[in-house]
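Visitor: I am new to reading protein models. Please take me through one, feature by feature.

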Amino acid sequence: MSNDLRQSAQFQPSRRDALRLASSGFGLLALRGLTQARAAQENPLAARAPHHAARAKRVIFLSMAGAPSHVDTFDYKPGLIARDGATLSGYRKGAKLMASPWKFLPRGESGLYLSELFPELGRHADRLCLLRGMHTDVPAHPQATAKMHTGSFQFVRPSLGAWTLYGLGTENQDLPGFVTLNPPSNNAQNYGSAFLPAVYQGLRIGLERNGRQRAGETGVPVDDITNPRQSKAQQRKQLDLVQALNREHARRNSGEDEIDAIIESYELAFRMQAELPSLLDLSNVKQATRDAYGIGKPETDDFGRQCLMARHMAAAGVRFIEVGMGGWDHHRNLRQELPERCRAIDRPIAALLSDLAASGLLDETLVIWGGEFGRTPYAQDADGRDHNNRGFTTWMAGGGVKGGLSYGATDENGIEAVEGRTSIHDWHATILHLMGLDHERLTYNYAGRDFRLTDVHGEVARDIVS
Amino acid sequence: MNLSQLLVVASILAPSAVGSASTAPQQRDPARAFAALRQRLDLDLDGRISEAEFNRGRAAFRRLDRDRDGFLTTADFEPRGGAGTQPAPPSAAGGEAGAGRAATPEEAEFFEKRVRPVLANACYSCHADSAKRVKGDLKVDSLQALLLGGASGPAIVPGDPDASPLVVAIRYDDPSFAMPPKQRLDDDAIADLERWVKMGAPWPSAPGMTTSTGATEPSNPDGDASTERPLGREIDIEAGRQFWSFRPVTRTVPPKTEDARWPWSDVDRFLLSAMEARDLAPVADADRRTWLRRVTFDLTGLPPTPEEAAAFEADRAPDAYEQVVDRLLASPAFGERFGRHWLDVARFAESSGKESNVLYPHAWRYRDWVIQSMAADMPFDEFLTKQIAGDLLPAANDDERAWNLIATSYLALGTKSHNERDARKFSLDVADEQIDAISQGMLGVTLACARCHDHKFDPFPTEDYYAVAGILLSTETRYGTLDSAGNNRGSALIELPQGAHVPNGPQMEPTLRQFLTRGKERAEQSLAKARDERMNGGGDQPRPGDVNAVRLRAQRQQVALTSDLLSRFDETGRALPSNRLTMGVVEGKPRDIAVLERGELSKPGSIAPRGIPQVLRTADAAAIRAGSGRLELARWIASPENPLTARVWVNRVWLHLFGTGLVRTPDNFGAGGAAPDHPALLDWLASEFIAKGWSTKALVRELVLTHAYRLDSRRSAQNAAIDPEALLRWRMPERRLEAEAIRDALLVVSGTLQATPPVGSPIGALEGTIRREEIADLVTRERPIRSVYLPSLRGHVVDALDVFDAPDAAFVTGDREETSVATQALFMMNDADVLRYSDAFAARLLALQGDDDARITAGFELAFGRKPVAMEVNAVRAFLADYARTIEPAPSGRASGNDTERRQRPGQRPRNRPGQDTDRPGSERPGSNRPSAGRGGAAPAVAPLTDPRRAAWSAFAQSLFQSAEFRTIG
């Protein structure tokens, strides 16, 4: 299937475009990026050839809202043990370093040091590419979260997923190309399309709102995804009438692309209703799979479900899938709550990686884990850590990244990124690069200006590309 | 900064003045020294520091103000002739050994490979703009910064490594002065830096190079290189005046055409002449009903009624078309339609957007003013003048005065970062947003691009930007809001004259009032409890930074905010006269401001006198002598001599009537935009528009009565081969309706539209931020009113509008996106409100006299403005029968024929019909809203239809809504 789509996605300027180029010279097409012209010209969701050979076809972004402590999870700082309790100068007055309460162990053949809080994920150490030199602009949750998702915390800008979908289209026309599971509420911009056409915005499934209305066993909280009173057969009858009217209308107004687009949109919507709920319905999943993901165990049930849905969507050809997990803001109760959070994701993520690897999908799926910033190696009160935007860790696994690699580093205490410094723009540039997109060429002309996800910044972290 | 800190700074800056010269190893260039002080203290950006700005004690100020002129200026920091015992400072600007000169390519390469990486990796985290806190006042991310130095004086002496503190520090010779603090650089790096200083510290200044702030020139990969100014070249203003849109509008003469019969007007002559030049002929005319539907939607945003369609079809009077146009222009709906167009340009919204999204409860007054002004055909020059400077215009009475003040809301309702703590940055950002809105919206140029660098394409140097910014910073922008969580930047509002006939405000619904009162009481109780606990010594000792303290402060602010809000409404929820407030602007302290290098507050340059962009200065532009200059700015914008204003507006009107503009980038008439397809026509329209007194209605009338506007939408293969996009206007392309028109049509066709516009806005009875999902649901829920009156919150665009590409009002939006996507289909297929409108539409059809065929016909006439063809009637008849068979009547056998007695499933919430308007704040799912999550989830909010006939008719009615024809105009 994807072969046909790829074929059709090769850019062949239509006569209309050729004429437009030739006749207007300084016309719209000349002003706008090629992607924009193509996205406007064809089905905006049709799979499109990347700028260069893609290392990954799709992204699963495991978004850890609240900012996980890097020095307790993925950034091994043995020096902190020696300096435990030492007072730091130059930072918050009286800041005292706090060694991680948890041991770090070398895992896998690569011997990557990971916290003991990730016993299951540790089995995949040789697949993980740790980015230990991350930094971001501001140590405030909403801004840093917006930055991580859209590259800007000041302005409403298209999200990473929207840019990806705009650049590449999607492989399964029966499904949305960008799905976000359980995002925090009031954060639509983090999966929005901003000035990109609305077709590129993420389809939200569930909301992280006091645990209510999450994507559950069979419930499918998607905007208007099911009709409250019609059966599928009834709806099909109705759509048949609608499409008959549409075709008659198209016949009378020969050659309007707009009508064709509307006809198509109803068919995709109808198909989405059919396929999307089944992807989200986990009631028929084998017990062994449920156990592997930790579904049914209170601790891991929620995130396990999301990971399994993400895996289903990845297999079904969804381009960008975001899975959300909040609760990492450990200003206090670090010793009790951080292990709980880690347990909630450890098994599900390990199962996701195993599952993707076993099915051969991991090579072409880029799995990304990260929070909006990190936490201070010095203590807040006795049992917490404060926000730290100057250095933190994210990781990637799968399509196109070197496994078992630690890239970049924070200083000896874990405060500032000093080596392999990776800003959010760099991080975005790298993700797009792995997807076959050149972040400098992926532009959209809006309000008289070419916009990019990375604005005027961003450097690909080439050292992590396998 | 406290006084002691300041005195340290002052002592460093002007040692002899303070008398503690020993702390300053080196005296500095006075201009730079003063710049450093000004950067901190010059709040009004007038280039000098007043005693009030100094605000650190009169004695200290007097000591520093050596020339006793009441201001600290550079002069106060000049070394006293002969009095100084210090050796003459090395002039930073005059670094002999090459500072300031361009680096050779070899030097640049050396710098980029060996020096910059060391500085970036080892120093920037504390000594660069990008650092969170710059330590020791020293930055090393530019040569200027190095020469300016920090608390310890200049960091380098070009050509002399041994005299350069930076080199001394990295050598680690002196343990008390060793950098970087944690670890010595390796010897190679130290040697490289020494060598570089010895070279004379050449700092490459190639544009586009990344500095530590990452401030590179924006890339424009697809821009036409020929339009981009060669780098480094000064802007040539005179040459810039030659660009088409900066040249005066010329009174063009309509051309002669071969076919003398086709053109009905001069506009047609321009168009046909261009077609004839390309051997194209226009297609045939549209039929009467198609034209009526087109012009009715275009002028009112509403569909024609079947009665109007029938009357027009039968009307054979020679001026039947003119009569329709005049009727539509006279309708209040014209104001709503064209007002909405302007609201897009004015980036109108009722909240701040950005991080905090603070509500603007008085913004609706501006919305109403725009709608009324459009309906009254206020001359467009006056319309613009009032928005910039209505407060400065004479007014005949309180009414006029009130509306003039309200008009200035235009400047106050842009996006803002209310959580910004830096007042200066905030006011600069507000001015920037205003410049962006004015320049793009009124003038079609992107002046805001010149904030950080000279404009890349257009002849606007940064001085032009700061000249306009000075006008806006000499103005006080009053947007209201109270300081509270997420809002550090509350402001006053403007009181409206008490004699003015303006509404006090919207009704506060009783449930909302209860909700607010309860919330306030709860907050007051917990505040009282906390106070008691503290007094009785109970509970934890409050500590600074305690979460409780933060929470309590938030609650106190909440109480203040709610009290203020409740005080403006009486017990019955009626708005009181104290609510007669508006956003807007008033005059501030007039001042010229400094050009900020790269837009950074810390880099003030020369002062830019207030004024208008040089390239657009005309002979009649009044000089700014007193006041902010806003009135002069407004008069210049609205001047017939202004080459942009009229062109930009006639192009916008053309766009709304013909689908695409004559200039296809309506917000950008600069070199980065598109050139006009019909330059002579554009100028003819602009000059006619001015000549006819800037009458928008006259312009609209002219355009919709052209032959071009009458054309059919059908393609002609022959024409399309030459002009595929119909830029020559040989046909009228089919257009998708805007979101508001689609939704309004749903209301009109289903017979549920509330006839009278609401007073105010639901936002008008709220304050603060949208933090709770319930509030967002409450304000964005469905109401049976025209879409232009729905709440217009940034970030919370009403779903029914959002799905059809309504803009979020973050920017000027002259040309909306037009998409056809599956989410729109899902909305039309499954949305609870659409189902309710379908039920209402079906009920309307079923109530008609006559047989089902007549009802089917009526459905088509209502929805599409035409009769169905036989094939369509047959298809619908078959559908109705087929669909009814799929409905199982209710088990009780009692079909719910009565629309008001719907059966409900157990546990199901009562359904709200369109037409009801009950607010349910605080409830789980307020009103009949489409909550932002879980639609289609657990409990359906619409009742099932168990009567087969009613169900079938509702499904048919919905299919008309779903069809492509419903949302397009031919």
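Guide: Start with a helix pair. Helix H15 (residues 332-345) of chain B packs against helix H16 (residues 364-375) of chain B at an angle of about 125 degrees, and their axes lie 7 Å apart. Helices (H or I, at least four residues) and strands (E, at least two) are DSSP runs, numbered from the N terminus. Axes are lines fitted to C-alpha atoms, for helices over the stretch in contact; angles run from 0 to 180 degrees between N-to-C directions.

Visitor: Before we go on, what kind of model is this?

Guide: It is a predicted model: local features need pLDDT of at least 70, side-chain atom pairs count only at pLDDT 80 or more, and totals for chains, interfaces and linings use all residues. Residues are numbered from 1 along each chain as its sequence is written, while chains are lettered from A and ligands numbered from 1 in the order in which they are written.

Visitor: How are H15(B) and H16(B) set to each other?

Guide: Two packed helices are described by the angle between their axes and the distance between the axes. Here H15(B) and H16(B) are therefore oblique to each other. Under 35 degrees counts as roughly parallel, over 145 as roughly antiparallel, 65 to 115 as roughly perpendicular, and the rest as oblique.

Visitor: Which residues of H15(B) and H16(B) meet?

Guide: Among them are Phe338(B) and Trp342(B) in H15(B), and Val370(B) and Ile371(B) in H16(B). Two residues are in contact if their C-beta atoms, placed from the backbone, lie within 7 Å. The residues of this contact divide into nine nonpolar, three polar and two charged. Ala, Val, Leu, Ile, Met, Phe, Trp, Tyr, Cys and Pro count as nonpolar, Asp, Glu, Lys and Arg as charged, and the others, Gly among them, as polar.

Visitor: In what order do the eight strands of the chain A sheet come?

Guide: Two strands pair if DSSP finds at least two bridges between them. In chain A, eight strands form an open, mixed sheet in the order E6-E5-E7-E1-E8-E11-E4-E12. Strand E6 (203-205) and strand E12 (405-407) of chain A are at the edges with a single partner strand each, so one side of each has no neighbour in the sheet. Neighbouring strands are turned by 15 degrees against each other on average, direction ignored.

Visitor: How does strand E5 of chain A join E6(A)?

Guide: Strand E5 (residues 178-181) runs parallel to E6(A), joined by three bridges. Leu181(A) stands opposite Ile205(A).

Visitor: Which strands does helix H11 of chain A lie across?

Guide: Helix H11 (residues 298-316) lies across E1, E5, E7 and E8 of chain A, and runs at about 180 degrees to E7(A).

Visitor: Where is the positive phi in the hairpin of E2(A) and E3(A)?

Guide: At Gly108(A), near 70 degrees; the hairpin has four residues between its strands. Strands E2 (residues 104-107) and E3 (residues 112-115) of chain A pair in the antiparallel sense over four bridges. Phe104(A) has Ser115(A) as its bridge partner, and Arg107(A) stands opposite Leu112(A).

Visitor: What is the mean pLDDT of chain A?

Guide: pLDDT is the predictor's confidence in each residue, from 0 to 100. Chain A has a mean of 84, and 84% of its residues reach 70 or more. Over residues 1-32 of chain A, pLDDT is below 50. Where pLDDT is low, the predicted coordinates should not be read in detail.
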